[in-house]
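Dear colleague,

I am passing on the structure we spoke of, together with some notes on what turned up in it. Please open it alongside this message and read the two together.

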Amino acid sequence: MNYLKIANILLGGALLLGGCAKSPDAPDAKRDEALMRDWIKTLAADEFGGRKPMTEYEDLTVKYLSGELNKLGLEPAFDGSWYQPFQLISVTSAPLDNQLAVSGKTAQILKYPDDVVVWTARATDQVEIPQAEYVFCGFGITAPEYGWDDYKDIDVRGKIVIALVNDPGYYDASLFRGRNMTYYGRWLYKFEEALRHGAAGCLVVHNTEAASYGWHVCVNGHLTDNLALYNPETGNMDKLGIKGWIHEDGTRKLFTAAGMDMDEAISEAKKPGFRSFSLQVKGDVKMNVRYTLRETRNVGGILRGRDDKGEMLVLSAHWDHLGIGKPDESGDNIYNGAADNASGMAGALLCARRFTRLPERPKRSILFFFPSSEESGLFGSEYYCAHPVVPMEKTVADINFESIGPAELTRELSVLGGEGSPLSPYFEKAAAAQGRTIFYNNDNSNGWFFRSDHYNFVKKGVPAVVWENGRTPVDPGKPNKYPMPVWYHKPCDEYHEDWDLSGTLANVNLVYDVSIALAND
C-alpha cells in the first residue's frame with residue numbers, strides 16, 4: 001500500500017475543506033470552486049477590456065462588483081454609495097529640446113530619454129527651475145533606526161537631489177536588512193524624502209541589478225501618462241517640480257561636469273558615515289507639460305459588526321488591470337488580468353459570501369474593498385488610507401488578495417513581511433489547523449512587499465502582509481501549468497478551464513480563518 005499517496009490525499013482533502021473549527025458555513029469545495037471560476041471568468045472576459053481605470057471598461061467593472069456585493073447582502077461603504085471617487089492627474093512632459101544642459105567645471109548635455117527620464121505631478125503647462133543645483137545624496141535616505149542620514153548637514157532646498165536606487169543593505173548584508181529591501185530602497189520613497197527636505201526635484205540613479213529591471217522599464221513607464229493623485233486645493237503645486245530616473249551614463253556626465261569620480265563617490269555612499277555633497281553643477285530646467293484630470297472609483301461594501309466600538313477589518317483586492325495595449329506575438333492586445341487580479345477579487349468575494357452567511361455577525365465590521373489604480377501606483381488604496389471609512393487607528397488589519405490563482409496545493413503558505421508581525425500567530429494557527437506551515441520569505445530584494453495595496457495600510461501603521469502559494473506541492477507530479485513568469489502583465493493572463501484552483505481554495509480557506517479570528521478577537 002502506498003502510504004505516502006494516501007497521506008497526500010488525506011492532506012489534500014483537509015486543505016480543501018479548511019482546517020480550523022468548522023464555521024456554520026463550512027467550505028464546500030465544489031460550490032466554492034464553481035463560484036470562484038465564475039467570478040474570474042466574468043471579470044477577465046474580453047468584454048471587460050482589461051479593466052483599465054478611466055475608460056468605459058471601468059464602468060462595466062465597478063457596476064459588476066457593486067452588484068455582486070449587493071447580492072451578497074453587504075451595505076454600501078461610502079456614505080450610502082458603493083463608490084469612492086477620486087481624481088488622478090495624468091501628465092506627459094519632456095524637457096525643452098529633449099535635453100537638460102548642465103555646467104560646472106565643464107558643460108554636459110543629458111539627453112532625454114537616453115540619459116534621463118523626467119516628469120512632474122504638477123497641474124501646470126510648464127515647469128521652470130532656473131539654474132538648479134545638483135546635489136549627490138547617496139541613497140537619499142533618512143533612517144534613524146538604522147543610524148543612517150544622507151541629509152545630515154546638507155541643504156537641498158530648491159535643489160535637485162541625485163539618489164541611488166535600493167538601500168545600503170543590497171551591497172552590505174550587515175546594513176539595514178541586507179538583501180531584504182526596506183521601503184527606504186524604493187524609488188517612490190526617494191521622491192517623498194526629497195520633498196520633505198524641500199528639494200525642487202529628485203533623480204534616482206538606475207542600476208539594473210539594484211532596481212531588478214532594465215532602463216527600458218523606466219523609459220516605457222514614464223514617457224507618457226504619468227499618473228498621480230490630484231489635490232484640487234493645491235493643483236499639486238506643492239509636489240516636486242521634477243522627478244525621474246537618471247541612467248548611470250547620465251550620472252557619469254554629471255560627475256564629469258563636476259570634475260569628480262562617480263565610481264569613488266558611489267562606493268563611499270554605500271558606507272556608514274557618508275556625507276552628501278553638492279556637485280557644484282547647475283543648469284536651467286524647463287519642461288513642457290500636458291496634463292488632464294480624470295476621475296476613477298474605489299468600490300466597497302461593509303458587513304456591520306455586532307460590536308459598536310467602531311473597529312474594522314479590511315479585505316482588499318484591486319479591480320484594475322492594464323486594459324488594451326501592445327499586442328503580443330499572437331496578436332492579442334487585451335490584458336485580461338485573470339490571475340492579476342480577477343483571482344484576488346474572486347477570493348475576497350468568496351470570503352464575503354461566507355461571512356454574510358454566518359448565523360451571527362462577527363464582532364468587528366468588515367470592509368470588502370476593491371481599490372482602483374493599483375497597477376498605476378497604488379493610488380486607490382493611497383486615497384482610501386487618507387480618507388478611510390473608519391480612522392486608521394480603528395483599522396485592525398488589511399488582508400490583501402493579490403494574484404492568488406491559479407495555484408496548486410502546497411504544504412505551506414508563503415508570507416512576505418510577516419515574521420514578527422502581529423498577524424503571524426493568526427496565520428500560523430490557521431495553517432496548523434490545516435496541517436500546514438507558514439514559510440516566511442525574507443527575500444525582498446526586488447521590493448515586492450511594497451508593490452501592492454496592503455503597503456499603504458502598513459505606512460499608516462495597520463498590520464498587513466503579502467501572502468502567496470507555498471513552495472512544496474502536495475503532488476509534485478502536478479506542477480502549476482501557469483506560473484507567474486508566464487503571464488505576468490501579458491495578454492496571456494487569461495482564464496483557462498484547466499486552471500488548478502486546489503491551492504487557491506485552500507489558501508482562501510486559510511485566510512478566511514485568519515480573517516474571522518481577527519474579526520472576533
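N236 sits in the loop between β11 (226–229) and β12 (242–246), and in this predicted model its phi is near 65°, a positive value in a residue other than glycine. N236 is buried, because its relative accessible area is 0%, and buried here means under 20%. D79 also has a positive phi, of about 50°, although it is not a glycine; its place is in the loop between β1 (75–76) and β2 (83–95). D79, however, counts as exposed, since its relative accessibility is 84% and the cut-off for exposed is over 50%.

Two peptide bonds also deserve a look. The bond from Y112 to P113 is cis, with omega near 5°, and P113 is found in the loop between β4 (107–111) and β5 (116–119). A cis peptide bond also joins D340 and N341, with omega at about 15°, and here N341 is found in helix α9 (residues 338–356).

That helix brings me to the packing of helices. The axes of α3 and α9 come within 9 Å and cross at roughly 20°, which means that α3 is roughly parallel to α9, as angles under 35 degrees are counted in that class. The crossing of α3 and α9 is right-handed. On the α3 side the contact is made by L65, E68, L69 and L72, and on the α9 side by M345, L349, A352, R353 and T356. By class, the contact of α3 with α9 has 6 nonpolar residues, 1 polar residue and 2 charged residues. As a reminder when reading such lists, an α-helix has 3.6 residues a turn, so residues three or four places apart point the same way.

A second pair is formed by helix α12 (residues 424–433) and helix α15 (residues 502–520), whose axes come within 9 Å and cross at roughly 130°. α12 passes α15 in a right-handed crossing. From α12 the contact draws on Y426, F427, A430 and A431, while α15 provides L510, V511, D513, V514, A517 and L518. The residues of the contact of α12 with α15 divide into 9 nonpolar, no polar and 1 charged.

As for V161, if residues up to four places away in sequence are not counted, V161 touches V135, C137, Y151, V156, A194, A199, G201, C202 and L203.

Helix α11 (residues 379–386) has F379, G380, S381, Y384 and C385 as buried residues. What covers these buried residues of α11 includes strands β2, β11, β13 (277–303) and β17 (365–370), along with helices α10 (374–377) and α13 (454–459).

Two further buried positions may be of interest. E58 is found in helix α3 (residues 56–72) and counts as buried, because its relative accessibility is 1% and the limit is under 20%. Leaving aside its neighbours within four places in sequence, E58 is in contact with K52, P53, E295, T296, R297 and W319. G49 is found in the loop between α2 (29–43) and α3, and G49 is likewise buried, with a relative accessible area of 1%. Residues up to four places away in sequence aside, G49 touches Y57, G323, I324 and I334. The C-alpha atoms of G49 and L505, which lie 456 residues apart along the chain, are separated by 26 Å.

Terms used: Residues are numbered from 1 along each chain as its sequence is written. This is a predicted model: local features need pLDDT of at least 70, side-chain atom pairs count only at pLDDT 80 or more; totals for chains, interfaces and linings use all residues. Side-chain values use heavy atoms; hydrogens and water are left out. Helices (H or I, at least four residues) and strands (E, at least two) are DSSP runs, numbered from the N terminus. Buried means under 20% relative accessible area, exposed over 50%, partly exposed in between (1.4 Å probe, protein chains only). Axes are lines fitted to C-alpha atoms, for helices over the stretch in contact, and angles run from 0 to 180 degrees between N-to-C directions. A crossing is left-handed if the near helix is turned anticlockwise from the far one by less than a right angle, and right-handed if clockwise. Contact means heavy atoms within 4.5 Å. Ala, Val, Leu, Ile, Met, Phe, Trp, Tyr, Cys and Pro count as nonpolar, Asp, Glu, Lys and Arg as charged, and the others, Gly among them, as polar. Angles under 35 degrees count as roughly parallel, over 145 as roughly antiparallel, 65 to 115 as roughly perpendicular and the rest as oblique.
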